Amino acid sequence: MDSRTYNPRTVEEVFRDFKGRRAALIKALTTDVEDFYNQCDPEKENLCLYGFPSEQWEVNLPAEEVPPELPEPVLGINFARDGMQEKDWLSLVAVHSDAWLLAIAFYFGARFGFDKADRKRLFNMINELPTIFEVVTGAAKKQVKEKSSVSNHSGSKSKSSSKAQRAPDSQSRQSKPSQPKEEDEELDEQDDDEHGETLCGACGEHYGTDEFWICCDICEKWFHGKCVKITPARAEHIKQYKCPSCSNKRARP
């Protein structure tokens, strides 16, 4: 597993470190949620959820050294697992994970002498990404929907009903009747604005026109094919796609 003594020294390196750790934590709380749940046994000692720059996550005991080399994530996430609804527990872990990521990023900033401009630039870069809490709870998707205008409603409906496509706006554009040129261009621009804000339910990154996406038929969240390990060829043979989170939703013992 990754060394915890890795020390990024520039704003760009710290942000890259932040993104790697963030992707790992989102993976634990979404696509790998069943494995994460099982590892957080309440009968074990205080456990922490770690995310590493390589986008790998780990549930483990806290560092033994005091003070630790890096800020530590919240202790005892396993103790609350069976005392609350699973979605509430995951949301709680997500909030604490967001706080830990910021602590790590600004620890590096303080250690390597970031000035006011560097700290502001780092925060702005971080703030462009949805928080882990927003991704896990679906709040990021709701924010995107709120920004969509009423005129885009038909495009959104077409998008959610289609199962998988290379670009989420391609089918809706093909299904439009012929319109006057100016009106058609205006609607195309609106579609680009809407789909440009679409976020992957696994990694939280924005939609890209050159990437394959697939929509869950249960929660209607969109995912990069690579994040859920679905290829375009495989998607053609899936009658009803369920994302990892929806597939893992069952009664816990």
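Start by selecting helix α3, which gives the most to the lining of the largest cavity, with 3 residues; helices here are DSSP runs of H or I with at least four residues, numbered from the N terminus. Before you go on, note that this is a predicted model, where local features need pLDDT of at least 70, side-chain atom pairs count only at pLDDT 80 or more, and totals for chains, interfaces and linings use all residues. Residues are numbered from 1 along each chain as its sequence is written, and side-chain values use heavy atoms, with hydrogens and water left out.

Next, show Leu49, Pro73, Val74, Ile77, His96, Ser97 and Trp100, the lining of that largest cavity. A cavity is a set of points on a 1 Å grid over the protein atoms alone where a 1.4 Å probe fits but cannot get out, and lining residues have an atom within 4 Å of a point. The space inside is about 50 Å³, counted as that filled by probe spheres set on the points. By class, the lining has 5 nonpolar, 2 polar and no charged residues.

Finally, zoom in on where they meet. From α3 come Leu102, Ala105 and Phe106, and from α4 Arg119, Leu122, Phe123 and Ile126, with contact meaning heavy atoms within 4.5 Å. This contact has 6 nonpolar, no polar and 1 charged residues.

How values were computed: Helix = DSSP H or I, 4+ residues; strand = E, 2+ residues; numbered from the N terminus. Nonpolar A, V, L, I, M, F, W, Y, C, P; charged D, E, K, R; others polar. 1 Å grid on protein atoms, 1.4 Å probe; cavity = no way out; pocket = protein on both sides within 12 Å on 5 of 7 lines; lining within 4 Å.
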